[in-house]
Amino acid sequence: MRTRLSTRRTATTWAALLLALLGLGLLLTPAMAGAAPPGPPAPGPPVPVIARAWPVGTHPTVVRGWDPPATPYGRGHRGVDLAAPPGTPVRAVAPGRVSFAGQVAGRGVVSVTLTGTDLRTTYEPVHPSVEKGDEVEAGEAVGVVEATGAHCGRVCLHWGLLRGETYLNPLGLLPPWLLHSGPSRLLPVLGIPPATQPAGT
């Protein structure tokens, strides 16, 4: 008799617990129904086209392009690599203030917060010629490419762009005329006949 009573009490306890959990679930479900499942963060504003110079050279070869990772810690390439031999001057692409100039993991790094934006550019490996807090203009040297590291398999400059902790494509800073510039070509002027030389010259 006691065993049956004990069994009934245990079953009743479990049933009450199950009903309580179901009731809690029903109460929470309407509140949670309006909540959207978490997804990727909303994209920020577009990158402003404010660069006035390449970091190295006049139109350097892009050894490796921008390849954003699928997740914050995923594989990818968080910037662009530009061909540049050791000693090449590294220039600020736009006006700003130096927010960092020093060593990170054995490589020289310079970071510049761009004036009037929430963006900062990074350059490495660089032997800095500037210090934290220095104001720089577009085209002003911030250091020279160091011969350290094998990031590219050969010496190059890694150029990055960040908004907060989010990496962006630094090529977006370049205006089309600078991004796609090539050698100058002389074109004929339409409607004007070619010059002729007088006979006997």
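**Entry 1**

I use buried for under 20% relative accessible area, exposed for over 50%, and partly exposed for what lies in between (1.4 Å probe, protein chains only). Helices (H or I, at least four residues) and strands (E, at least two) are DSSP runs, numbered from the N terminus.

I note for all entries that this is a predicted model, in which local features need pLDDT of at least 70 and side-chain atom pairs count only at pLDDT 80 or more, while totals for chains, interfaces and linings use all residues. Residues are numbered from 1 along each chain as its sequence is written, and side-chain values use heavy atoms, with hydrogens and water left out.

**Entry 2: the whole chain**

I counted two helices and 11 strands in the protein, and along the sequence they follow the pattern α-β-β-β-β-β-β-β-β-β-β-β-α. Of the 201 residues, 28% count as buried. I also looked up the contacts (heavy atoms within 4.5 Å): among those between residues at least 6 apart in sequence, 62% join residues at least 24 apart. The protein exposes about 13600 Å², of which carbon and sulfur atoms supply 63%; the areas come from the Shrake-Rupley method with a 1.4 Å probe, and for residues only the protein chains shown count as cover.

Is Thr121 buried or exposed? Thr121, which is found in strand β6 (residues 119-124), is buried, with a relative accessible area of 0%. Leaving out residues up to four places away in sequence, I find Thr121 touching Val93, Val110, Ser111, Val112, Leu114, Trp159, Gly160, Leu161 and Leu173.

**Entry 3: strand pairing**

I count two strands as paired if DSSP finds at least two bridges between them. Three strands form an open sheet with antiparallel pairing, in the order β3-β9-β7. Its edge strands are β3 (89-91) and β7 (126-128), each of which pairs on one side only. Neighbouring strands of this sheet are turned by 40 degrees against each other on average, direction ignored; the axes are lines fitted to C-alpha atoms, for helices over the stretch in contact, and angles run from 0 to 180 degrees between N-to-C directions. Between β7 and β9 (residues 141-145), which run antiparallel, I find three bridges, and Pro128 has Gly143 in β9 as its bridge partner.

I then followed β4 (residues 96-104), which is joined to the antiparallel β5 (residues 107-114) by eight bridges. Gly102 has Val109 in β5 as its bridge partner. The hairpin of β4 and β5 has two residues between the strands, and Ala105 takes a positive phi near 55 degrees there. β4 also pairs with β8 (residues 135-136), in the antiparallel sense and over two bridges.

**Entry 4: salt bridges**

How many salt bridges does the structure hold? The structure holds four, each being a side-chain nitrogen of Lys or Arg within 4 Å of a carboxyl oxygen of Asp or Glu.

Glu135 forms a salt bridge with Arg97, and their closest N and O atoms are 2.5 Å apart. Glu135 lies in β8 and Arg97 in β4, so the pair ties together parts that are 38 residues apart in sequence. Arg97 also stands opposite Glu135 in the strand pairing. Glu135 is partly exposed at 47% relative accessible area, and Arg97 is partly exposed at 44%.

Arg107 and Glu124 meet through their side chains in a salt bridge (2.8 Å, N to O). This pair links distant parts of the chain, with Arg107 in β5 and Glu124 in β6, 17 residues apart. Arg107 is partly exposed, with a relative accessible area of 32%, whereas Glu124 is buried, with 17%.

Glu165 forms a salt bridge with Arg120, with the closest N and O atoms 4.0 Å apart. Glu165 lies in the loop between β10 (156-163) and β11 (166-168) and Arg120 in β6, so the pair ties together parts that are 45 residues apart in sequence. Glu165 is exposed at 68% relative accessible area, whereas Arg120 is partly exposed at 24%.
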